[in-house]
Amino acid sequence: MKILANDGISPSGKAKLEAAGFTVDTTKVAQEQLENYIKENNINAILVRSATKVRQDLIDACIDQIKLIGRGGVGMDNIDVDYARSKGIHVINTPAASTRSVAELVFAHLSGMVRFLFDANQKMPLEGETQFKQLKKSYSAGTELQGKTIGIIGFGRIGQEVARIAYGLGMYILAHDRSTLSETLEISFSDGQSISTKVNCVSFEEVLQNSDFISIHVSGAGQTLIGEKEIAMMKDQAGIVNTARGGVVDEEALLKALDSGKLRYAALDVFVNEPTPAMNVLMSPYTSLSPHIGAATLEAQDRIGEELAEQIIDLLAVEAE
Ligand code: NAD
């Protein structure tokens with residue numbers, strides 16, 4: 001069977017598929033050439049990330065050949081999933097592969113924020129030589145993460161991984177999820193030992209009122225969870241981290257709260273108007289920013305390729321017998 005990995009696949013994923021007898025083609029075929037390429041090269045499965053679109057017209061055109069569509073990553077907005085499934089085509093993705101990567105990015109932002117590194121990294125090249133003492137003074141009121149409370153809104157895969165790391169740092173956890181009352185977390189150490197601990201979820205309001213930092217990990221696009229009213233309920237000088245979806249935090253309300261000193265800092269990996277975020281969000285002196293790189297680690301790429309390979313082997317190797 002032949003697989004076209006149109007947006008690439010990790011070497012480890014490719015090797016796994018090839019070891020199971022699949023042929024993996026990593027040619028990057030232009031969107032408008034896909035139909036011809038799939039037909040001429042007898043492709044049976046197509047793997048995409050977010051760039052390639054697999055819409056109804058392509059599915060119809062290649063219905064006799066394509067048995068599986070795979071999305072490396074979470075969101076499947078670029079695939080007509082229901083239509084493909086209604087035609088008997090397997091549609092798979094890898095929702096867990098980037099969990100750790102996103103959770104670690106939360107702490108990259110948090111650790112930097114509490115010591116003002118986002119600002120220091122910009123000012124040191126410009127003023128470090130002439131204003132060293134002044135800069136040192138302006139960043140002298142940093143804080144530690146240990147002993148602080150992190151509020152986690154959305155206690156699924158990533159929210160739980162954030163909690164595991166937070167426990168390791170000696171933080172307190174307040175978690176809220178609309179459909180989870182409690183979770184028992186397994187925390188593994190590099191020496192092979194592990195412990196398990198139960199987290200009882202609390203109300204949204206309790207998280208808002210009692211957290212030093214709030215990190216958002218809800219699923220689902222389009223909902224604004226934190227606006228002016230919710231920010232007013234938060235502790236003074238708290239921080240917010242949003243790696244979930246642009247707009248889950250109302251950007252205007254956030255900027256207002258940062259400018260007024262109600263909130264001390266915020267970290268954003270996702271933005272309302274990607275890929276052209278609002279300039280006033282980008283220019284805020286209180287924000288630690290990254291361009292939607294939560295899932296972008298080499299380890300996650302490997303896991304994505306390997307998870308796709310395992311599912312394909314399970315689904316298609318059996319059919320090929
Ligand atoms: P998940 O489905 O495992 O967990 C999401 C949790 O949020 C669920 O338990 C759900 O019940 C809860 N939830 C949904 N809406 C809620 C609400 N209004 N109030 C309270 N709880 C709510 O998802 P996940 O894998 O943990 O991903 C979480 C988020 O991270 C998603 O929005 C995803 O798009 C985002 N994400 C971002 C990146 C990035 O690059 N920044 C990468 C991967 C995922």
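Let me start with a definition: Ala, Val, Leu, Ile, Met, Phe, Trp, Tyr, Cys and Pro count as nonpolar, Asp, Glu, Lys and Arg as charged, and the others, Gly among them, as polar.

Hi everyone! What we have here is a predicted model, where local features need pLDDT of at least 70 and side-chain atom pairs count only at pLDDT 80 or more, while totals for chains, interfaces and linings use all residues. Residues are numbered from 1 along each chain as its sequence is written, and side-chain values use heavy atoms, with hydrogens and water left out.

Now, the ligand. Its shell holds six nonpolar, eleven polar and five charged residues. Which residues come nearest to the ligand? Out of 22 around it, they are I158, D177, S179, V218 and D269; being near requires a heavy atom within 4 Å.

Next, polar contacts, meaning pairs of N or O atoms within 3.5 Å. A polar side-chain atom of D177 lies 2.6 Å from an oxygen atom of the ligand. Polar backbone atoms take part too: one of T243 is 3.0 Å from a ligand nitrogen atom, and one of S219 is 3.4 Å from a ligand oxygen atom. Taken alone, the ligand exposes 870 Å², and the protein buries 87% of that (areas by the Shrake-Rupley method with a 1.4 Å probe).

How many cavities of 30 Å³ or more does the count give? One. On a 1 Å grid over the protein atoms alone, a cavity is a set of points where a 1.4 Å probe fits but cannot get out, and lining residues have an atom within 4 Å of a point. Grid points are joined across faces, edges and corners, and the volume is the space filled by probe spheres set on them. The largest cavity has about 50 Å³ of space. I38, I46, V54, L58, I59, C62, I66, I69 and I89 line this cavity, giving nine nonpolar, no polar and no charged residues.

How values were computed. Polar contact = N/O pair within 3.5 Å; in protein donor to acceptor, adjacent residues only side chain to side chain. 1 Å grid on protein atoms, 1.4 Å probe; cavity = no way out; pocket = protein on both sides within 12 Å on 5 of 7 lines; lining within 4 Å.
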